[in-house]
Amino acid sequence: MSTPTAAETSNSIKGLLKPAVPQIESIDAQRLDQLRRIFSNLISTEQLNLTEKKSAEAAQKWNAWLKKQHGKFIDQLCHVVQLGRKSGLRTFMGVIASTPMKDGNAERLNDGLVVKMLQALMDSYGDGGDGVAPEYMLELLQLEFCKYRDVQYFLMVSMKQLAKSLGDDELDGVKAENLLRVLMKISIAYDQDDLTPADLKKDGSSSNYICTPPIVEDGAEEGNDDDDDGDNSNSDASDDDSE
């Protein structure tokens, strides 16, 4: 199967960003998931970079256009999550999982996307416009996403950020309750063993992280200790000589 050209890709994105009228949830879910796949492929092939600028002018323009379309896609996902559609939340979780950020030589979750997803849940339209996030949405989040330790961390960081934006009116009280209900779905780590990557594979993946953190080998730590001891012994020797 041949790789689509930039023109073919842009036409596909433009077409998929237009929801069908009237909207049928199952068809709209397929449309959004197709967009997720396209953007995921663009990121993995380094045609789209959400955090850095491209060096070449043509690549920079293409990347800027793709970033703009990706933003429209995320806005649409936020809307369907606010509507209480499980398919939208599941697609959003898939986007976050396939859109990591570089952190030195490692990768981590894109905290900006986590904030947007959580805000969409916080700003839920609720049943009849009451603003209460549906319990089935939070249960889906817990079952399929909150099991990962890095997700838990970035969700809690995002909660702190979003909580600062809330005021004292009644609607903000409902939003605060939504955040609290999400927090209750997170199984907090009790000790370092709970944070250790589980079922670590040769490719670096693990069962309890989406982006597995770098592992510090015990031997490396011991080596550092040996260096420290060596420095101390040299210092002692110098003291002896001076005496």
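**Close-up views of a predicted model**

**View 1. Cys146 and Cys211 in the predicted chain.** Cys146 counts as buried because its relative accessibility is 4%, where buried means under 20% relative accessible area, exposed over 50% and partly exposed in between (1.4 Å probe, protein chains only). Cys211 is likewise buried, with a relative accessible area of 10%. The structure holds zero disulfides, a disulfide being a pair of cysteine sulfur atoms within 2.5 Å. The model is predicted: local features need pLDDT of at least 70, side-chain atom pairs count only at pLDDT 80 or more, and totals for chains, interfaces and linings use all residues. Residues are numbered from 1 along each chain as its sequence is written, and side-chain values use heavy atoms, with hydrogens and water left out.

**View 2. Overall layout of the chain.** The chain has 10 helices and two strands; helices (H or I, at least four residues) and strands (E, at least two) are DSSP runs numbered from the N terminus. Along the sequence, these elements follow the pattern α-α-α-α-β-β-α-α-α-α-α-α. Of the 243 residues in the chain, 37% are buried. Contact means heavy atoms within 4.5 Å; of the contacts between residues at least 6 apart in sequence, 62% join residues at least 24 apart.

**View 3. Packing of helix 4 against helix 5.** The axes of helix 4 (residues 86-97) and helix 5 (residues 111-122) come within 10 Å and cross at roughly 165°. Helix 4 is therefore roughly antiparallel to helix 5. Axes are lines fitted to C-alpha atoms, for helices over the stretch in contact, and angles run from 0 to 180 degrees between N-to-C directions; under 35 degrees counts as roughly parallel, over 145 as roughly antiparallel, 65 to 115 as roughly perpendicular and the rest as oblique. Helix 4 contributes Leu89, Phe92, Met93, Val95 and Ile96 to the contact, and helix 5 contributes Leu113, Val114, Lys116, Met117 and Leu121.

**View 4. Gln82 in helix 3.** Gln82 belongs to helix 3 (residues 57-82) and is buried, at a relative accessible area of 16%. Apart from neighbours within four places in sequence, Gln82 is in contact with Ala120, Asp123, Ser124, Tyr125 and Gly126.

**View 5. Ala64 in helix 3.** Ala64 also lies in helix 3, where a relative accessibility of 44% makes Ala64 partly exposed. Ala64 and Asn49 are separated by 15 residues in sequence and by 8.9 Å in space, C-alpha to C-alpha.
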